[in-house]
Amino acid sequence: MKVCIMGQGYIGLPTAALFTRHHCEVVGVDINEKIVNNLNKGIIHIEEPGIADIIKNAVKNKVYTASLTPQKADAFIITVPTPYITENYSCDLSYVVSACESIIPYLEKGNTVIIESTIAPMSTDETIKPIFEKAGFTIGKDLYLAHCPERVLPGKILEELVHNDRIIGGVTLECAKKAREVYGQFVEGYLMLTEAKTAELSKCMENTFRDVNIALANELAKICAEIGVNALDVIKMANKHPRVNIHSPGPGVGGHCLAIDPYFIYAKAPETAKIIKLARDTNNSMPEFVCENTKKMINEGKIAIFGVSYKGNTGDDRESPAYEIIARLKEAGFEISIHDPHINNEDFVSFDEATKDADLVLILCDHNEFKNPNYNLISKNMKTPIIFDTKNIISKVPRGIKLYNYGNLYELN
Ligand code: SAJ
């Protein structure tokens, strides 16, 4: 089977890697020339365990090529971003639409087209299907169209792509069956067949479920800071109940999924999706909460930011709440130095340089490197050794260092 994958990002590239490992030929299409050139040399641009070696081998064995333009194939998979439109929170389908339009000259009867990008409910039927019908295809007869959302966790993508169950939402049942054949090449999880709109809403609800639960944990952290209770203890105790799983409070919710997908549902039913919108607002309010508490810890001086990735051990900083926190603290007059060992940015500095003469270390991301930092260096370098750990990754600090987390913010009142 030959597969053409549109978009070689966090999902498209690992998916391409897996197809090549299962005897399929893959052309990976991207609009970024530098990425395409590097991929053809076997050099990848994302931090994700296991992918680099597979792509290097696939390039060597000529089963993978990157390209700026699509090629004829048996199946076309669209894995391009779907941001939300800031004015009305609806799903911006422009990248998906242009990817679909760009494959039309290469489509042949009997091909399968799969949209993996997360899209708002009804997008496949109302927006994407007409693009191919206009080009002369009859969906379900000579072209098969399905929405099969990805559901993988960055850092574990290879494993989850193979083992997670998948939703296959066909425009017709025949479309779903054809898409199942494509994923059957490497997926070992169960492939559930359904309608496109059900697949679309299921995917959006998975991330909304998580966003709403995180909002509840963040609200609890705020309540505890106000009334004088240790939020982290409350979560630990409550979660001993067999049917309770309170999530972890943090500096806000980042990434390209949880911080966006709930809006796609909200935009479809704004009068009804009340909890969903409130959860978004609560999570969006966390950067301000972090900054207000930081200001209670120190009035002025230098803050060393530890971590701007949206989640631990990845180099992905899309929608990261860290950037709003940094902007707010700068605006409040603090000197900011940023340390993130997972992100290549010439403005970021080493642990040593970040902590030098700093008044506070602000942990915003749970990278492994931050879990047991060099406390000697912290004590030696910092003017006032205070750590504010918004991810609850440090449990104990040596004497002489003051640790704040969501367990003791009430001390600042
Ligand atoms: N976070 C918290 N508290 C928590 C858990 C997470 O504040 O208790 C924050 C993280 O720090 C991060 C954000 O939420 O900023 C999102 O992290 P995540 O690990 O929950 O999710 P993503 O965005 O990396 O991946 C999610 C996953 N969805 C679900 O778990 C329902 C993944 O399976 C999806 O494939 C992915 O979204 C996607 O592409 O939609």
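A disulfide is taken here as a pair of cysteine sulfur atoms within 2.5 Å. By this rule the count for the structure comes to 0 disulfides. The model is predicted, so local features require pLDDT of at least 70 and side-chain atom pairs count only at pLDDT 80 or more, while totals for chains, interfaces and linings use all residues. Residues are numbered from 1 along each chain as its sequence is written, and side-chain values rest on heavy atoms, with hydrogens and water left out.

**Cysteines**

- Cys4 takes part in no disulfide, and the nearest cysteine sulfur, that of Cys100, is 12 Å away.
- Cys4 has a relative accessible area of 0% and is therefore buried; buried means under 20% relative accessible area, exposed means over 50%, and partly exposed lies in between (1.4 Å probe, protein chains only).

**The open sheet and its helices**

- Five strands form an open sheet in the order 10-9-11-12-13, with parallel pairing; two strands pair if DSSP finds at least two bridges between them.
- Strand 10 (335–339) and strand 13 (402–404) are the edge strands, each pairing on one side only. Helices (H or I, at least four residues) and strands (E, at least two) are DSSP runs, numbered from the N terminus.
- Neighbouring strands of this sheet are turned against each other by 20 degrees on average, direction ignored. Axes are lines fitted to C-alpha atoms, for helices over the stretch in contact, and angles run from 0 to 180 degrees between N-to-C directions.
- Helix 12 (residues 286–297) packs on the sheet and touches strand 9 (302–306), strand 11, strand 12 and strand 13; contact means heavy atoms within 4.5 Å. The direction of helix 12 makes about 165 degrees with that of strand 12.
- Helix 13 (residues 321–331) lies across strand 9, strand 10 and strand 11, at about 155 degrees to strand 10.
- Strand 11 (residues 360–363) pairs with strand 12 (residues 386–389) in the parallel sense over 3 bridges, and Ile363 stands opposite Asp389 in strand 12.

**Strand 5**

- Of the 5 residues in strand 5 (residues 111–115), 5 are buried.
- In a regular strand the side chains alternate between the two faces of the sheet.
- In strand 5, Asn111, Val113 and Ile115 lie on one side and Thr112 and Ile114 on the other, and both faces are covered.
- Strand 4 (residues 75–78) pairs with strand 5 in the parallel sense over 4 bridges; Ala75 has Thr112 as its bridge partner.

**Arg166**

- Arg166 is found in strand 7 (residues 166–170) and counts as buried because its relative accessibility is 3%.
- The side chain of Arg166 reaches the backbone oxygen of Pro149 at 3.5 Å.
- Not counting residues up to four places away in sequence, Arg166 touches several residues, including Glu116, Cys148, Glu150, Tyr183 and Met192.

**Ligand surroundings**

- There are 19 residues around the ligand (a heavy atom within 4 Å). Glu150, Lys203, Asn207, Arg210 and Tyr310 come nearest.
- An N or O atom in the side chain of Lys203 is 2.5 Å from an oxygen atom of the ligand.
- A polar side-chain atom of Tyr310 lies 2.5 Å from an oxygen atom of the ligand.
- From Val152, a backbone N or O atom lies 2.7 Å from an oxygen atom of the ligand.

Note on methods:
A polar contact is a pair of N or O atoms within 3.5 Å; within protein, one must be able to donate a hydrogen and the other to accept it, and residues adjacent in sequence count only if both atoms are side-chain atoms.
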